[in-house]
Amino acid sequence: FTLLLNLDDALICMKFDKFEVPTKETNYWCRGFSFPKDRTYHVTNFHPMIDNQQIVHHMILYATEKYEGDKYFECPSMPKGSTPLFAWAAGMGDFSPPTDVGFKVGKGGVLYAVLQIHYDNPLLMPCLLYTSDAADEEDSVD
């Protein structure tokens, strides 16, 4: 799964890459990200890129108060002190707020985020290695 965020003049890539989906019917997994802090940016488009729509049920991008790290962690509920920024569910496409509207990130805005993905694996398929080659590693956010 890859979520591309269009900023004023930049592109941020949030990836769940090389993630093995556990052999359970329902899984909620998170990964932390930080936004560039050099100046204020505005997110003007959310572009989800789903590699396997059979197992990705929905995802939520949360603004968080602190950096949660870039390791994957199980998260059946939203992180403490977080606020939802964007949500995607199966069947949806891109989301762009109205013209001249954006979500403020970076300096003076949201500094940290957690991307939560709900994997639905009702057939209990083993060893689903979830990879994404949608964007280059150097474009990703840490």
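Me: Among contacts in the chain between residues at least 6 apart in sequence, what share join residues at least 24 apart?
Reply: This is a predicted model, in which local features need pLDDT of at least 70, side-chain atom pairs count only at pLDDT 80 or more, and totals for chains, interfaces and linings use all residues. Residues are numbered from 1 along each chain as its sequence is written, and side-chain values use heavy atoms, with hydrogens and water left out. A contact means heavy atoms within 4.5 Å. Of the contacts between residues at least 6 apart in sequence, the share joining residues at least 24 apart is 85%.

Me: How many strands are there in the chain?
Reply: Helices (H or I, at least four residues) and strands (E, at least two) are DSSP runs, numbered from the N terminus. The chain has 0 helices. Its count of strands is 12.

Me: Which residue in S2 is the bridge partner of Thr2?
Reply: Strand S1 covers residues 2–6 and runs antiparallel to S2, with 5 bridges joining them. In S2, the partner of Thr2 is Lys15.

Me: What percentage of the 142 residues in the chain is buried?
Reply: Buried means under 20% relative accessible area, exposed over 50%, and partly exposed in between (1.4 Å probe, protein chains only). For the 142 residues of this chain, the buried part is 44%.

Definitions and conventions: Pairing = 2+ DSSP bridges.
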